[in-house]
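Have it open as you read, and take the points in order.

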Amino acid sequence: MLKTFSLGGVHPEENKFSAGQKIETLEIPEQVSVLVAQHIGGPAEVAVDKGDQVKVGQIIATAAGFVSTNIHSPVSGTVLKIDTIIDASGYRKKAIIIKTEGDEWEANIDRSETLVKEITATPQEIIRKITNAGIVGLGGATFPSHVKLSVPPGKKCEVLILNGVECEPYLTSDHQLMMEKGEEILVGTKILMKALNVDKAIIGIENNKKDAIEKMSELSKSYDGISIQPLKVQYPQGGEKQLIDACIGKQVPSGKLPIEVGAVVQNTGTVFAVYEAVQKNKPLFERVVTVTGKSVKKPSNFKARIGTPISQLIDAAGGLPEDTGKIIGGGPMMGKALTTTDIPVTKGSSGILIMPEEIAKRKPSQNCIRCAKCVSVCPMGLSPYLLMTVSEKSVWDRAEEEKIMDCIECGSCSFTCPSSRPLLDYIRLGKGTVGQIIRNRTNK
Amino acid sequence: MNVISITIITLASLGVAAAIILYFVAQKFKVFEDPRIDEVEEVLPAANCGGCGFPGCRAFAEALVKADDISDLNCPVGGADTMSKAASILGKKVQAAAPTVAVLKCNGTCESRPRLNHYDGAESCSIAASLYGGETGCSYGCLGMGECVDACQFNAMYMDKETGLPVIKEENCVSCGACVAACPKKIIEIRKQGPKNRRIYVACANKDKGGVAKKACSSACIACSKCMKACPFGAIIVHQNVAQINPETCRYCRKCTPECPTGAILEANFPPKKEKKELVKDKAE
Amino acid sequence: MNTLTVSPSPHVHSGDSVKKNMYGVIIALLPALAASIFYFGIGAVVVTITSVLACVVFEYLIQKYLLKNKPSIFDGSAALTGLLLAFNLPTYLPIWIIIIGSLVAIGIGKMSFGGLGNNPFNPALVGRVFLLISFPVQMTTWPTPIISRLHYFGITPEILDATTGATPLSILKEGVSNGVANAEIMQQLPSLSELFFGLMGGSAGESAAAALILGGLYLLIKKIITWHIPVSIIGTVVIFTTLLKLIHPDLYAGPAFHLLTGGVLLGAIFMATDYVTSPMSHKGMLIFGIGIGVITVLIRIFGSFPEGVSFAILIMNGFVPLIDKYIKPKRFGEVIKTQKA
């Protein structure tokens, strides 16, 4: 019996069409739009002016506070303007628009492909480099990595867990990265282990990526303390709390961070970025993006510069199919539906999923038949049917009592509901409102 | 016979015993309440809409009885009439608040605001608003799912299918503010009713720059400031790319309306435009 | 390009639907229906068709003319109610009584609460219990299985010589109240293996244990129901009756007899597991099942009715809101908290 997390879970169709597709480097776009808010936390402060000349890897916006990150220019060229553009949220957000001229990199970036195994940096240096490189969680949550690596005083990190699960259907970017850059990921893991002062790391990989499990197991033999943990295919295993439960059998208490059980979780993509930042001085300005979908001609994994409009990625994957109904930034379970194809790639873009119209349409919602399937699949052990009702009726105190804030918004409830009720829609609304109420209360 | 009498006696004695217990319990747990609260509640409209800021009419009546100065308290449903009745019961003074009405600060009809995408989530404005900007290019305008209409208890709103916007029935609106609270885009305003129920206001809330706003909606305020310049009383300011008409200083001269290039300034209940001379004469009278 | 659709996540759906679940249960009931037709002949067919049709028609009429909703008769829920009601009636019941039962089941049991999903009590059981109380004679006139068909099993039954007879449970009840020794009563009753294949008088669908168990396995495999409710009901009945048997072997029948007679299996597998009227959490389901088991045995042994499954389920239906309020599913991260405290 393979390990997995203890409560709930679903198994959506995997549809990993782009699995095994080599990571292609996408052509540098003529113009990039770099959003200043690409991460959780305060938007970065713009550090360039209209008309400035920038190089690849140069800081163009600086972190505003601890929970924020630097943003680096993904291209070399001239800053055209600082304007607002529509981002994945559908709202206009501030962005730096740069016109590409050539491809001149900052001098200290090591552009060679050679593997640098020896870790010379001290733990402080590692964290400083990660902070400067603007690395965020690349799984999609975009939480600044240096914040996660700063273990609060009084807590001790015992194990580093790497998320190679990629439990979202369709997406394959982490899988492909493990296949092509396995060695780099392992060195990156070693770097993080040094920074966190732990001697144990577990890489959790779901069993539908047998080749990656084999390859990483083989490679990890020469790295002390790193082990590979094959996991049963079950969504949402990539959720931080679920992954910890699956790998080390400990449950993070409600409202607490993983460090409470002595674990720090990082995505494999993030670890690769850490390797590049620490060993090659390369800040985060490009990432692997999966472009996929049932009717996409050429499902692919691209290495794209941040700020590239997604229309360019779609074109490179064979163009937008005729029957397109929905374009999703991320996976089908937690991704955001996009309003246009002009939206730029951000640090959190793990994939672009193009769905045909007939799959994209939701079925009409019917009465709740109290089948209790939402309760059975909830990985947090909540009662989604109840949370939806109390959110719909605005009974916020009851929603808080029923632990609405524990919801990880994985969507298993809406996915399962035989009556096609928009459970998560209302729960998310309730979560937002209750969160606001709690913040107001603590601020008082 | 015997059975019947036993039954009657048993039941009667049970009833008497229960009555005695109830009487003593009621005596013991009696709570003193100011009798004026009931009197005041009597004159309140009993709509329990919460427009006064209190949970229900009784709570408002309690507040009225308790407060020494009731000039800050107002029942928007009953208006000046109700308030003066309540004040006379309590022997307190009340300032007549200017009557108000809800207005919609969006004129982005289906025609002027083309749809760019199709929303397929739960039928709720708040959920759509928390997800993204809306089906059109304007992320400030009405989402059109009628959460305000659902919130209205006075049957004063309905959704116009043609325009996709809610319509406020002035004659029913009591300006309780339930729609204002319900709207996630905050585009409903409680506005002074104005003389002869006449109003003039900017029906747009788009804070984008002129060009962007215009592209999204042909009846958007593009912050050109023409109305501001036209206003002889300085009642119009342009703030965050939207013009605003101050109802306190506005003199209802309607000079701003023809200036607006997008027709974002709306007039309500004015007589059809007369020649200028007559208008001046009207004023003089 | 088409206008893009935008919705909150998730963007995919499992494809499960109310219809699939309802028809799943109906499919699971087919073996029992076949068994009932086999044993009771045309009578079973008439009862089933009348009940199903009446339920569907009443649901349609009420939705269309009283509630003014879009009728949703094709989701299978009305047909399922009709089928379950038929299974709880004696075959050869007069048709007009069946129609009254269907009206009560759909009209009072279901639609008066707002239709599917809102009814607190199992509609089929509401109909059945209404009929049982209103028409006690007709409702307890049990036709016996068609004797000639029993020869397929190589059995020549001795007791089944009349066209109508009592159910094993009522024979037992009567015997006990008349002070007949248990062993003697047992001789009048079919053997356990006969009971297992349904050779007894009884309601249309509740007799053939084998067919019901087959349907139950289908439901479990298709994940339409979870094991919690059936197992807890059956387990409780078995444990309770075993204890009684141990205390007083002369007075009480054994667990196997109680399990195979009456509506325990039908109730445990199909009636108590009704989505709408059962608790939402697994823990709650267990409590619900144990309650049904205990009440069933109490009614059977100490009550005045020979059979108590319907009453037990209805009584526990009434407790479901309370169970849901106080019994919550196990939350993630809760275990550690309690360990620490």
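**Notes on the nonpolar parts and the cavities**

1. Let's begin with C:Leu217, which is found in helix α11 of chain C (helices are DSSP runs of H or I, at least four residues, numbered from the N terminus). C:Leu217 counts as partly exposed because its relative accessibility is 46% (buried is under 20%, exposed over 50%, partly exposed in between, with a 1.4 Å probe and protein chains only).

2. Before going on, please note that this is a predicted model, where local features need pLDDT of at least 70, side-chain atom pairs count only at pLDDT 80 or more, and totals for chains, interfaces and linings use all residues. Residues are numbered from 1 along each chain as its sequence is written, chains are lettered from A in the order in which they are written, and side-chain values use heavy atoms, leaving out hydrogens and water.

3. Now for the inside. The largest nonpolar core has 129 residues, and C:Leu29, C:Leu89, C:Leu219, C:Phe270, C:Phe288 and C:Ile292 touch the most other members (a core is a set of buried Ala, Val, Leu, Ile, Met, Phe, Trp, Tyr and Cys residues joined through side-chain atoms within 4.5 Å). Helix α1 of chain C, residues 18-40, gives the most to this core, with 11 residues. A second, separate core of 43 residues includes A:Leu149 and A:Met216.

4. The structure holds 13 cavities of 30 Å³ or more (a cavity is a set of points on a 1 Å grid over the protein atoms alone where a 1.4 Å probe fits but cannot get out). The largest cavity has a volume of about 260 Å³, and α3(C) gives the most to its lining, with four residues (lining residues have an atom within 4 Å of a point).

Conventions: Helices (H or I, at least four residues) and strands (E, at least two) are DSSP runs, numbered from the N terminus. On a 1 Å grid over the protein atoms alone, a cavity is a set of points where a 1.4 Å probe fits but cannot get out, and a pocket is an open set with protein on both sides within 12 Å along at least five of seven lines; lining residues have an atom within 4 Å of a point. Grid points are joined across faces, edges and corners, and a volume is the space filled by probe spheres set on the points.
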